[in-house]
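Hi,

Here's the structure I said I'd pass along. Have a look at it first, and my notes follow below.

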Amino acid sequence: MSKLLAGMLGIFAVLALSAAPAAAGKADDTLRIATTDWWSTLDPYQFPLDEAAVFYKTIYETLVSYDERNHKFVPRLAESWKRIDDRTYEFELRRDVTFHNGDKFDADDVVATIDYIVNPKVRLRFKDRYDWVEKVTKLGPYTVRITAKEPFATELQILAYRFFIFDAKLLDKLKNKADYGRVSPVGTGPYKVVSLDQTKMVLERFDAYYSKNGP
């Protein structure tokens, strides 16, 4: 099972590896990557560091993605969507998705995640990326509506690039929900977190990933 390791090295090690920042371990099917800035949490909301984003975008997923080569929005966790009015999108969710811990993905996860990040009491570094949402409504086990406070043209783009979905069951158990990416960085993406500490993170291919043609 292929693994990806990212680690914080000392300054001398970084300099020594500067000509070759990534190393492949063919014997154990592992890629090792050294970074200059480290993170102790893998959370796109609490810690939106650019270097970390390279990794958390393979751990967590959004409802839709943007195909930059073909210039169009494509399905991800939502298999289809439609505009209900000038402030509302309705999403029909995939039914074949599981989180890395085996929990089944459904509308509750979308509602819980969005309710969390738009909550006025929750402080986020880039809160304005999310607080345009007025409400998220569950219409059925696999159907949700997201309504904006006012009409604007880029809500689907922001959903594609910024709204990563968490496991509602795990999120609900946390007294401090900002611990999600530190205590339980569980998503639905093609890679899962095996371990994460102050110096190293280990990712492993998620064999139950729903799409064999994923990123």
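Predicted model: local features only at pLDDT ≥ 70, side-chain atom pairs only at ≥ 80, totals over all residues.

D103 sits in the loop that runs between β7 (88–93) and α3. Although D103 is buried, it has no salt bridge. What is the nearest side chain of opposite charge to D103? That would be K169, 4.9 Å away, and a salt bridge needs the nitrogen within 4 Å of a carboxyl oxygen. What the D103 side chain does have is a polar contact with the side chain of N101, at 3.1 Å. Setting aside neighbours within four places in sequence, D103 is in contact with T98, D167 and K169.

Now the salt bridges. How many does the structure hold? There are 12. As a reminder, side chains of opposite charge can pair when their charged atoms come close. These are the ones I looked at:

- E155 and R83 meet through their side chains at 3.3 Å, N to O. E155 belongs to helix α4 (residues 155–162) and R83 to strand β6 (residues 78–85), so this pair ties together parts that are 72 residues apart in sequence. E155 is buried at 2% relative accessible area, whereas R83 is partly exposed at 39%.
- K192 and E204 form a salt bridge with their closest N and O atoms 4.0 Å apart. K192 is in strand β10 (residues 191–196) and E204 in strand β11 (residues 200–205), so the pair ties together parts that are 12 residues apart in sequence. K192 counts as partly exposed, with 24% relative accessibility, while E204 is buried at 14%.
- D179 and R182 also meet in a salt bridge, at 2.6 Å, N to O. D179 is partly exposed at 23% relative accessibility, and R182 is partly exposed too, with a relative accessible area of 41%.
- E79, E92 and R95 are linked in a network of salt bridges.

On to the nonpolar side of things. The largest nonpolar core has 55 residues, and those with the most contacts inside it are L42, L63, F91, L93 and F163. Which element gives this core its largest share? Helix α3 (residues 107–118) does, with 7 residues.

T88 lies in strand β7 and is buried, with a relative accessible area of 6%. Its side chain is joined to that of T147 by a polar contact of 3.2 Å. Apart from neighbours within four places in sequence, T88 is in contact with K82, R83, R145, I146 and T147. R83 there is the arginine that pairs with E155.

Last, the aromatics. The structure holds 13 aromatic pairs. One of them, Y209 with Y210, is tilted, at 4.7 Å centre to centre and 45 degrees between the planes. Both of those tyrosines, Y209 and Y210, are buried. Which rings are linked into a cluster? Ring pairs connect Y45, Y60, Y130, W132, F152, F163, F166 and Y180. F163 is also among the residues with the most contacts inside the largest nonpolar core.

That's what I have for now.

Cheers

How values were computed. Residues numbered from 1 in each chain as written. Heavy atoms only, no water. Core = buried A, V, L, I, M, F, W, Y, C linked by side-chain atoms within 4.5 Å. Buried < 20%, exposed > 50% of the residue type's maximum accessible area, 1.4 Å probe, protein only. Helix = DSSP H or I, 4+ residues; strand = E, 2+ residues; numbered from the N terminus. Lys, Arg positive; Asp, Glu negative; His and termini not counted. Polar contact = N/O pair within 3.5 Å; in protein donor to acceptor, adjacent residues only side chain to side chain. Contact = heavy atoms within 4.5 Å. Phe/Tyr/Trp six-rings, centres within 6.5 Å; stacked < 30°, edge-to-face > 60°.
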